[in-house]
Amino acid sequence: MTETPVYGIDLGTTYTCIAHVDPLSGRPMITPNAEGDLTTPSVVLFEDADTRVVGREAKSTAMLDAGRVVEMIKRQIGHGEWRREFFGREYSPEEISSYILRKVVDDAERHDTVRPHKVVITCPAYFGVVQRDATANAGRIAGLDVLEIINEPTAAAISYGMQDRTDQVVLVYDLGGGTFDVTVIKIEVGAITVVATDGAHELGGRNWDERVVQHLAEQWQAAHGSTSDPLDSPETLQDLWQQAEMGKRALSAKSETRMRVVHDNQQLAVSLNREKFDELTRDLLDTTVVLTKRVMDTARELGHPKVDRILLVGGSTRMVQVTERLKEEFDIEVTMVDPDQAVAKGAAIYGQKLAVGDRLREVTAELAQDPARHGTSTREAAEELVASELGLRLDTVRHLDGMVVKNVLSHSFGVRSLTKDDKPVIFNLVRAQETLPVEATKVFGTRKAGMGEVELRIFENTVRDRIVEDFDTAEEVGRAELKLVADLPENSPVEVRFSINGQGRLQITGRDMATGGAEVNAVIETNRALSADELNDAVEHAKSIRIIS
Ligand code: AMP
């Protein structure tokens, strides 16, 4: 019996990619989409009330039909208020993302003849709890069983770690279409540990395109001496974005390229060489270098002074300026690993690891009931059985099962509390870059006598200090209520415990210490992600929606 593999999905800002581990070769493979491409543009066109066009066709139609197209939805994920209306209904980022997932899953079903169901989806390392929840919900709306949401750089490191099994510290420089993520990861035999992570939400290839778009518009205006701005016309603008992206890609292969601008029925051919392109975009690249240095400093503080290798992932690392600049700034070997595919492949390997682990546990339990049936130890017999069931080599089963992936917290979490002079501050119980799972406790005093409950307001922030005074640097992610025995005096000790599991899920426990009262568990209701009702409604609505290419 062979089971449907767990699929890994890199749900990217601009492109999405799906992979699984091929049972015959044991290698991760990308499944091409219906158009034969290995990556699918993360673009959704609302064709009519029940039909969505996703991918290449949607991307090119965007030019004529900008009002019915959604691009870069990943930048909105986890922003609870964001909605877009089409055909009289409002759509959340989760629902729009779910169409992209369905497109790649439908195509994988056609290509691989099995329907992907269990999946691991990746997200940037700096995504907070709300964005991770929202990503998982997008998967649920698409009808998928989301086993885990894992970090993109971790997935890339897993993929790289399968090719090069030496112990090393790598820096994953991931410049995608809309996001930049930079992460220091320790790869050891059997363990992949994230050391430190940083990044910029809104920095990616698209910003490089934007600079070229502006340049093209300026050139057109200068050449025609016109005050009409090509950027004001939605049709011209869409065309400019496409020209710019194509031009940018061409510059990764050759030193000069030509683009064309058509506006107000007047054409202009514009040449762009690498030097000019680098000049137009230098400050963007500078930002990535600043963040790279910062994450290296953090890694150093945390006891990892040396980075052995820089791994490049994300389509935008194909720009020649990236490798050149990194070599110039750092005396470290720079390696490009499957820039568009490494993340999906790593997620697939991780998904297979989960499947192997689950199956091993089941089979071990079954065999343990009947030890007489097998000669070797139960564990070994189970490993052999699972290897043959999943079509894997025995050492691969052992390697996958033994592989430990340790993440660090990308954000600090704290509760709002008052200082002695009644000033509100955030007290961070757990701090960014701490290794997961993590647990921390802090005893607070009640403000008044006879409080029936204490409301804990939980804030997420990127500050590594214990006390945060500036609320602007933090986001409230949820509230939890702890019921107290009503007759407690003022300043009664209440213990608050934060525990965060390996996947970054936060659980809060409170205990009133004065009376030794019972523990109150509070799983936080996160803000902004879909409510249970909204999620159910989205799942129902999705059933009437058809996805086409
Ligand atoms: P990703 O989100 O990792 O798929 O990266 C997509 C981004 O990579 C988009 O901004 C693409 O324009 C960019 N990209 C893809 N191929 C190239 C290339 N050959 N040269 C420069 N940028 C590229």
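In which sense do strand β5 and β7 pair, and over how many bridges? Strand β5 (residues 44–48) and β7 pair in the antiparallel sense, over two bridges. Two strands count as paired if DSSP finds at least two bridges between them. Helices (H or I, at least four residues) and strands (E, at least two) are DSSP runs, numbered from the N terminus. In this pair, V44 stands opposite V70 in β7.

The model is predicted, so to speak of local features requires pLDDT of at least 70, side-chain atom pairs count only at pLDDT 80 or more, and totals for chains, interfaces and linings use all residues. Residues are numbered from 1 along each chain as its sequence is written, and side-chain values use heavy atoms, with hydrogens and water left out.In which sense do strand β5 and β7 pair, and over how many bridges? Strand β5 (residues 44–48) and β7 pair in the antiparallel sense, over two bridges. Two strands count as paired if DSSP finds at least two bridges between them. Helices (H or I, at least four residues) and strands (E, at least two) are DSSP runs, numbered from the N terminus. In this pair, V44 stands opposite V70 in β7.

The model is predicted: local features need pLDDT of at least 70, side-chain atom pairs count only at pLDDT 80 or more, and totals for chains, interfaces and linings use all residues. Residues are numbered from 1 along each chain as its sequence is written, and side-chain values use heavy atoms, with hydrogens and water left out.

Strands β5 and β7 belong to an open sheet of four strands. The order is β7-β5-β6-β30, and the pairing is mixed. β7 (69–70) and β30 (546–548) stand at the edges with a single partner strand each, so one side of each has no neighbour in the sheet.

A further open sheet has six strands, in the order β18-β17-β12-β13-β14-β19. Its pairing is also mixed. The edge strands are β18 (333–336) and β19 (404–406), each of which pairs on one side only. On average, neighbouring strands of this sheet are turned by 25° against each other, direction ignored. Axes are lines fitted to C-alpha atoms, for helices over the stretch in contact, and angles run from 0 to 180 degrees between N-to-C directions. Within the sheet, β12 (residues 168–175) and β13 (residues 180–188) pair in the antiparallel sense over eight bridges. V172 stands opposite T183 in β13. Helix α8 (residues 320–329) lies across β12, β17 (309–313) and β18. This helix runs at about 165° to β17. Contact here means heavy atoms within 4.5 Å.

The chain is divided into domain 1 (205–278) and domain 2 (412–532). These bounds come from an automatic or database domain assignment. The C-alpha centres of the two domains lie 51 Å apart.

Pockets and cavities were located on a 1 Å grid over the protein atoms alone: a cavity is a set of points where a 1.4 Å probe fits but cannot get out, a pocket is an open set with protein on both sides within 12 Å along at least five of seven lines, and lining residues have an atom within 4 Å of a point. Grid points are joined across faces, edges and corners, and a volume is the space filled by probe spheres set on the points. In the lining classes, Ala, Val, Leu, Ile, Met, Phe, Trp, Tyr, Cys and Pro count as nonpolar, Asp, Glu, Lys and Arg as charged, and the others, Gly among them, as polar.

The largest pocket holds about 1,000 Å³ of space. Of its 42 lining residues, T14, Y15, K59, E245 and R249 are the closest to its centre. The elements giving two or more residues to this lining are β2 (15–21), α1 (56–61), α5 (205–224) and α6 (234–251). The largest share, seven residues, comes from α6. By class, the lining of the largest pocket has 10 nonpolar, 17 polar and 15 charged residues.

About 750 Å³ of space lies in the second largest pocket. It is lined by 25 residues, and S417, L418, F444, G445 and R447 are the closest to its centre. At least two lining residues each come from β20 (412–418), β21 (424–430), β22 (438–445), β23 (453–461) and β26 (493–500). This lining has 12 nonpolar, five polar and eight charged residues.

The count comes to three cavities of 30 Å³ or more. The largest cavity holds about 80 Å³. Its lining has 13 residues, with L11, G12, I73, K74 and S97 nearest its centre. By class, six are nonpolar, six polar and one charged.

Two backbone features complete the description. Most residues other than glycine have a negative phi, and most peptide bonds are trans. The peptide bond from L436 to P437 is cis, with omega near -5°. P437 lies in the loop between β21 and β22. D422 has a positive phi of about 65° although it is not a glycine. D422 lies in the loop between β20 and β21.
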